[in-house]
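Please look over the sequence and the three-dimensional structure shown here, and then read the briefing that follows. The points are grouped by topic.

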Amino acid sequence: MQNFEKRRDRYNAFASFENPLVNLSFELEVPDFRPYCKQHGLPSFHFFLYHVLHAVKGIDNYLYRIYKGEVIKIEDFWASYTVLNQDENLNFARFVMTDDLNEFIARSVASAKEAEASTKLINTAEGLSEYEQRRNIYITCMPWLKLSAIEHPIYEHKSYDIPSLAWGRYSAPRADGRLSMTMAVQAHHGFIDGYHVHLLAEAISERIAQTLAS
């Protein structure tokens, strides 16, 4: 929490707002990982999700939460995201994070299949303690759309503390070996500035590059 104390006055300023959220959409450029995924038999969405969530985990600002009126830093979080079920309705996949890429993908694929097969809405906050509810990152992917912006549903703006990330359709293959997509990041401005969104974009790209080079 030492890093947070350096910006507590910024948090206090934005916490007084009725709506303290910042929502940025930007063009994310990363190494084109699809040939690597094809070569190694890895589903590209789950490969990308692994690097997004581990990039988030490496930046303190995305781990701050409001718990019982005070700011805390969570140590870890669920891996979760939205899927379409068999009725073409939204459902939630959720599983325990792991640093191992192949195990992460196996867990993610299994969780997606479970959510897709369920007509009932699953993996909600129901049954979780207040603290466990804080251990989350909201993820949405809309591969059918070239995303330009998004506004997420918010139960109560003032107490919103869990970052939301969304992205849309990937670009066509590029001659420079890069891949791009629009990504949107929504978070409490008391925790996250535009600079931290930049850090996240850089971390995602760097982590993918490291995996491709390994």
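This is a predicted model: local features need pLDDT of at least 70, side-chain atom pairs count only at pLDDT 80 or more; totals for chains, interfaces and linings use all residues.

**Briefing on the protein chain**

Residues are numbered from 1 along each chain as its sequence is written, and side-chain values use heavy atoms, with hydrogens and water left out.

**Overall fold and surface**

- The protein chain has seven helices and eight strands, taken as DSSP runs numbered from the N terminus (H or I over at least four residues for helices, E over at least two for strands).
- For 214 residues a compact globule would have a radius of gyration near 17 Å, and the 17 Å of the protein chain agrees with this; the radius is taken over C-alpha atoms, and the globule rule is 2.2 Å times the number of residues to the power 0.38.
- The C-alpha trace spans about 50 × 40 × 30 Å along its principal axes.
- Of the contacts (heavy atoms within 4.5 Å) with a separation of 6 or more, 74% are between residues 24 or more positions apart.

**Charges and salt bridges**

- The protein chain carries 22 positive and 27 negative side chains, and the centres of the two sets lie 2 Å apart; Lys and Arg count as positive and Asp and Glu as negative, without His and the chain ends, each charge being placed at NZ of Lys, CZ of Arg, CG of Asp or CD of Glu.
- A search of the whole structure finds 12 salt bridges, each defined as a side-chain nitrogen of Lys or Arg within 4 Å of a carboxyl oxygen of Asp or Glu.
- R174 and E29 meet through their side chains in a salt bridge, at 3.4 Å from N to O. Because R174 lies in the loop between strand 7 (164-167) and strand 8 (178-188), and E29 in strand 1 (residues 21-31), this pair ties together parts that are 145 residues apart in sequence.
- R174 is partly exposed at 27% relative accessibility, as is E29 at 37%.
- D176 also forms a salt bridge with R174, where the closest N and O atoms are 2.7 Å apart, and D176 is partly exposed with a relative accessible area of 49%.
- E5 forms a salt bridge with R8, with 3.0 Å between the closest N and O atoms; E5 is partly exposed at 42% relative accessibility, and R8 is partly exposed at 22%.

**Surroundings of N23**

- N23 is found in strand 1 and is partly exposed, with a relative accessible area of 32%.
- Apart from neighbours within four places in sequence, N23 is in contact with I150, E151, A184, V185 and Q186.

**Backbone points to check**

- Most residues other than glycine have a negative phi.
- K68, in the loop between strand 2 (64-67) and strand 3 (70-73), has a positive phi near 55° and is exposed, with a relative accessible area of 63%.
- N123 has a positive phi near 55°; N123 is placed in the loop between helix 5 (101-117) and helix 6 (130-134) and counts as partly exposed at 22% relative accessibility.

Note on methods
Buried means under 20% relative accessible area, exposed over 50%, partly exposed in between (1.4 Å probe, protein chains only).
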